[in-house]
Amino acid sequence: MSTKRTVDVALGTSGLDEQGRPRRAPLTMNEGGTVTTLEPPPALEDALELEGEHMLINLGPQHPATHGVLRLVVELDGETVVRCIPHIGYLHCGFEKIGEYRQYNQIIPWTDREDYLNSIGNNVAFALGAERLFGIEITPRCTVLRVIAMELSRIISHLVWLGTTCIDIGAFTPFLWAFEQRERVYELLERWVGARLTTSATRVGGMAADIPAGWMDQLQHFIKTFPKTVDEIDRVLTRNGIWVGRTVGLGVMSADEAVNYGLSGPMVRASGVAFDVRRDFPYLDYETYDFEIPVGTNGDVYDRFLVRMEELRQSTRILTQAAARLPEGPVNSDDHRVVLPPKSKAMSDMESMIHHFKQVMEGPRPPLGESYVAVESPKGEKGYYMVSDGTGKPVRWRIRPPSFVNLSAIGKMVEGHLLSDVIAINASIDIVMGEIDR
Amino acid sequence: MGLTARPSDNLARQDASAGAGESWVATRLDFLVNWGRAGSLWPMPFGTACCAIEFMATAASRFDLARFGMERMSFSPRQADVLICAGRVPFKLAPVLRRIWMQMPQPKWCISMGACASSGGMFDNYAVVQGIDTIIPVDVYVPGCPPRPEGLLYGILMLQEKVKRERMSDTALRNEMDPDPKSGLYIPAQAIDELSEPFGNSVHQTRSGL
Amino acid sequence: MSGAWPIAIPGSAAPDAPAPATPRHLPNRGGPANPSADAIKARFAGAVQRVEVIWGETSVFVERLQLGEIVRWLHDDPSQRYDYLSDVTAVEYRDPEQPLEVVWHLRSLPYRRFLRLKVELPHDGKTPLEVPSVWGVYKAADWMERECYDMFGIRFSGHPDLRRILMWEQYREGFPLRKDFPLRGRFSRAEQLRQALAANPEARYSMEELTVAQAFEDLPEAMRKRLSGGERTGE
């Protein structure tokens, strides 16, 4: 061994083992300067088989594109998704448990926080469920105000969906446009109930407050100017080659599959099923409003985008009609077993004082029974199932979360697509983890 | 901070010569470094719930975080300066938060945004961590449910002031507390129980029997 | 690129039915029941324990073991066509004499009907906390039944993958929505935090997860061997 190989000099060791085979590098420089490729050592043989392996990638739970704390484990063959397993529960906060320890009006702030993009819509939905459980009717003015609340809520929820989906797919400007419009709705909500996001706007039997003077004018101004932004976003996205290229044909669910997977809202309507709770199981006199239900044909991400854009326009249409028909009169029901009597009566009339006392100490108590009321939230069929045992606190408060059921289909929707499509499909489901995990 | 309406930005300059025996160069260097850090805090939005929406609204055009140097949201903790924990943190998410915090390199700060991140908020039940300060060290608490964007901005300005008061001579400043290897907790168990004690009316809610 | 399916309009199977309207002045008990209740009674004699109509909603209490057949029939029969599962949940009452009820909410979109099925599981120590799964009929039941198991401990026989969904899989405190589970949990806060930090759910892909995800069989031999040997992937 008269020649020292450079690798030996570099490593300071003899690069050969007992059999004279190199320990690490598969190549060696022979005497005379020629290069010989030796048989690779055993460890590398395994590595060559790696070409056939699938990769398991973990997306989340903290990731900008998952719209909340969702963890997706995707099995990838190169860039193609072979299987996707979603993991939820990272925002589970025990809503349903704590509902059993709160009076019905005390649960209203909780409904704000579960689907926090649709806070006032959730307030309305819960109040409707509680009013059915109590068996009381609301006033005509309250009915129309709640329709206005629900449609404003639908607009702000769809605007968040729009903004975040645009960011996921790569467009930043529509996010800013959408959020500026949301600020205008927040101004309206703040004037009405005092809070931007967590509104707690309803009570069992009525609303927390009536609209202040000048509010309707501001609403009319919003209705007049909001469609311009929708048109602007439409011009930027709908016929945009990049947008169309990234959304068409992705995450297709056929009509039968969509119904069987329990999808609701724009997810099922994009797949060609015209199921809208406002039309099929109406509440708040929605059958008397003139609006259209957009239905897609392909069931892909692009159709869901089109359906939600059109719903923004239809919501504006409903708002115009509701604003025109708002009747005068009291906002709260006059059933004082459920609604606090006015202070003047409570101080002078014995019965009112007893009602006041009972409601403040124990909360309003419904008769034995149960009720399930579903509304059309921006995400789909949102239901509140309440069971009463006659006390002021429900025995069971169940939230039927539309995003929970919609998300369970993601495994089916992303198979065969690329990893970047997973982000786009996830965005199209419009999930809210607060509602999914409760 | 007391009752001042706005954090005073003269404070940093006034305090510059407070340290005994600090050289003029050191104080000027402190000022420069802190000014640089405070003016470009890259946030890591650990947004979970409603506060995350208000955080997004703060970052949007009406309230605009960009004017504070914070428009570049870093979703990778390795490139972030300040962890803004916006939203409630359930127990299932606690190890994730801890891991994200440990992945952030020094210098790092933490803003606990909202009542739920600061103390568990209205979620005093089996599922929610009663304040993220039981898991990671917090610099600024922003109360609110959710805090208005102006509230969050005030909290950010408080953090900037805190950054500007840092001194390089304080060598223990960037030390990280190691968790107890057996339990994984970094403050004593008794302290956690005390911090998480229910207070006020919530105790009686469950015992009222009505 | 048009879809291969025509647009489905709810209510198309009953074109003569009156247009749906907002319900008003519903009675507490009584009133017209969902016609499917009588249809189930006629078809499955003996399986129906009772029918209740509360606030206009029909609840049909059925025998536990026959639930699977009933749901399959409600889905497939052309006069019922309950194609949409809205919810699967459970109710436990404060009074331990009252049984635990498992509740299914079904909708028929072609007929625009809503039905509630209930199975009672008395706390008598003899009835197992188990009901048939409807996953074979409705894929929507997948996560709903997992959540019901996670929160109540009710097993759904026939479910392909019944494990916890909202709490982490090694959660030891119990089933949160049971009435004997205290609001703040059974352990002290420090202990809850300690267990949560130890659970660390996303740090590794467990053997159960890979097996259940059916990814395991597709993995190459060498990788399967390494994973069975306890190697941890991920961080």
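Predicted model: local features only at pLDDT ≥ 70, side-chain atom pairs only at ≥ 80, totals over all residues.

Trainee: What is pLDDT like over residues 203-210 of chain B?
Mentor: pLDDT, the predictor's confidence in each residue from 0 to 100, stays under 50 there. The model has eight contacts beyond four places in sequence for residues 203-210 of chain B. Two residues are in contact if their C-beta atoms, placed from the backbone, lie within 7 Å.

Trainee: Where else in chain B does pLDDT stay under 50?
Mentor: Over residues 1-14 of chain B. For that stretch the model has ten contacts beyond four places in sequence. Chain B averages a pLDDT of 83, and 84% of the residues score at least 70.

Trainee: OK, interfaces. How many residues of chain B are in contact with chain A?
Mentor: 28 residues of chain B, against 30 residues of chain A. On the chain B side, the elements giving two or more residues are α3 (50-59), α4 and α8 (202-207). Helices (H or I, at least four residues) and strands (E, at least two) are DSSP runs, numbered from the N terminus.

Trainee: Which element has the largest share on the chain B side?
Mentor: α3(B), with five residues. By class, the side of chain B that touches chain A has 19 nonpolar, five polar and four charged residues. Ala, Val, Leu, Ile, Met, Phe, Trp, Tyr, Cys and Pro count as nonpolar, Asp, Glu, Lys and Arg as charged, and the others, Gly among them, as polar.

Trainee: And chain C with chain A: how many residues does the contact take from each?
Mentor: 55 residues from chain C and 63 residues from chain A. β3 (84-91), α3 (141-152) and α6 (221-228) of chain C each give two or more residues to the chain C side. β3(C) gives the largest share, six residues. The chain C side divides into 34 nonpolar, eleven polar and ten charged residues.

Trainee: Switching to helices. How do α4(B) and α4(C) cross?
Mentor: At roughly 70°. The axes of α4(B), residues 94-103, and α4(C), residues 189-199, come within 8 Å. Axes are lines fitted to C-alpha atoms, for helices over the stretch in contact, and angles run from 0 to 180 degrees between N-to-C directions. The two helices are therefore roughly perpendicular. Angles under 35 degrees count as roughly parallel, over 145 as roughly antiparallel, 65 to 115 as roughly perpendicular and the rest as oblique.

Trainee: Which residues make that contact?
Mentor: A94(B), P95(B) and R98(B) of α4(B), with L193(C), A196(C), L197(C) and A199(C) of α4(C). Six of the contact residues are nonpolar, none polar and one charged.

Trainee: What about α6(A) and α18(A), how do they lie to each other?
Mentor: They are roughly antiparallel, therefore, by their angle: the axes cross at roughly 180° and come within 9 Å. α6(A) covers residues 140-169 and α18(A) residues 419-429. T164(A), T165(A), D168(A) and I169(A) meet I423(A), A424(A), A427(A) and S428(A).

Trainee: Now sheets. In what order do the five strands of chain C run?
Mentor: β1-β2-β5-β4-β3, in an open sheet with mixed pairing. Two strands pair if DSSP finds at least two bridges between them. β1 (48-54) and β3 of chain C each have a single partner strand, so one side of each is left without a neighbour in the sheet. The twist averages 20° from one strand to the next.

Trainee: How many bridges join β4(C) to β5(C)?
Mentor: Nine, and the strands run antiparallel. L100(C) has L121(C) as its bridge partner.

Trainee: What does G78(A) do in the hairpin of β4(A) and β5(A)?
Mentor: G78(A) takes a positive phi near 75°. The hairpin has two residues between the strands. Seven bridges join β4(A) to β5(A), and D77(A) stands opposite T80(A).

Key. Residues numbered from 1 in each chain as written. Chains lettered and ligands numbered in written order.
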